[in-house]
Amino acid sequence: GGFSRGMKQRLHLARGLVSDPGVLILVEPTVGMDPVAARDFRTLVGELRSGGTTILLTTHDMAEAAALSDRVSLIDQGALVMTETPETVGDLVSAYERVDARGVPEPLRQRLGALPGVVSVTGTEDGLTRVETETPRATLAVQRALVDAEIRDVSLSRPTLEEVYLHLVGDRGMAVDR
């Protein structure tokens, strides 16, 4: 009873492994763990998977789900929304890579938004500009425009599992209907 939440999580995991199960069901296994214990847990899960153990992991931590899973299933209000590999989940929201850049001046952002195939251009307070496209040609045109403008802090990415989830189920948050 005097153990921390993280220590209790580790103890539950150890109890579950005593019988060398073929299937291991884990519910929010790293909640309450410090970063070192959570990293060690992820390493252990990888070793168990390599050894042939099937692991069913339920979690609200999208980064953990993406890092640990061969396949992810998104559930919304008790209904299965989708099941895919983490690598292909982003393809469901964004057909092609998106371009992130820092230090993009407003006139260039406007020019990028007018390029054919550009779906959106958004910015953040810390100076990141994200350009989402719907064709590979548009992605290339955005990159070319950034390089021509001597913008060098540029990267390509796909939506994260969390972004896909929010796109598919909406951004309901903690609102209470009255």
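Me: How many residues does the protein have, and what percentage of them count as buried?
Reply: Note that this is a predicted model. A residue counts as buried when its relative accessible area is under 20%. The protein has 178 residues, and 30% of them count as buried. Its accessible surface comes to about 11,500 Å², with 53% belonging to carbon and sulfur atoms.

Me: Which strands make up the open sheet, and in what order?
Reply: The open sheet has four strands in the order β6-β7-β5-β8, and the pairing is antiparallel. At the edges are β6 (118–123) and β8 (154–157), each of which pairs on one side only. From one strand to the next, the twist averages 20 degrees.

Me: What joins β3 to β4?
Reply: Strand β3 (residues 72–76) and strand β4 (residues 79–84) run antiparallel and are joined by five bridges.

Me: Now the charged side chains. What should I look for?
Reply: Side chains of opposite charge can pair when their charged atoms come close. The cut-off for a salt bridge is a nitrogen of Lys or Arg within 4 Å of a carboxyl oxygen of Asp or Glu. The count by this rule comes to eight salt bridges.

Me: Which residue pairs with arginine 42, and at what distance?
Reply: Arginine 42 meets glutamate 64 in a salt bridge, at 3.8 Å from N to O. This pair links distant parts of the chain, since arginine 42 is in helix α2 (residues 35–50) and glutamate 64 is in helix α3 (residues 62–68), 22 residues apart.

Me: Are the two partners buried or exposed?
Reply: Arginine 42 counts as partly exposed because its relative accessibility is 32%. Glutamate 64 counts as buried because its relative accessibility is 3%.

Me: Which residue does arginine 49 meet in a salt bridge?
Reply: Its partner is aspartate 70, at 2.4 Å from N to O. Arginine 49 is in helix α2 and aspartate 70 is in the loop between α3 and β3, so the pair, 21 residues apart, links distant parts of the chain. Arginine 49 has 30% relative accessibility and therefore counts as partly exposed.

Me: What about the salt bridge between aspartate 100 and arginine 130: where do the two residues lie?
Reply: Their side chains meet at 2.7 Å, N to O. Aspartate 100 is in strand β5 (residues 98–102) and arginine 130 is in strand β7 (residues 128–133), 30 residues apart. Both residues are buried.

Me: Which residues make the nonpolar surface patch?
Reply: Val23, Ile25, Val27 and Leu56 make a nonpolar surface patch of about 400 Å². Strand β1 (residues 23–27) gives the largest share, three residues.

Me: Why does isoleucine 25 count as exposed?
Reply: A residue counts as exposed when its relative accessible area is over 50%. Isoleucine 25 is exposed because its relative accessible area is 56%. Isoleucine 25 lies in strand β1.

Me: Where is aspartate 126?
Reply: Aspartate 126 is in the loop between β6 and β7. With 53% relative accessibility, aspartate 126 counts as exposed. The C-alpha atoms of aspartate 126 and arginine 102 are 8.5 Å apart, while the two residues are 24 residues apart along the chain.

Definitions and conventions: Residues numbered from 1 in each chain as written. Predicted model: local features only at pLDDT ≥ 70, side-chain atom pairs only at ≥ 80, totals over all residues. Heavy atoms only, no water. Pairing = 2+ DSSP bridges. Patch = residues over 30% accessible without salt bridge, like charges linked within 9 Å, V, L, I, M, F, W, Y side chains within 5 Å. Areas by Shrake-Rupley, 256 points an atom, 1.4 Å probe, with all protein chains shown as cover. Buried < 20%, exposed > 50% of the residue type's maximum accessible area, 1.4 Å probe, protein only. Axes fitted to C-alpha atoms, helices over the stretch in contact; angles between N-to-C directions.
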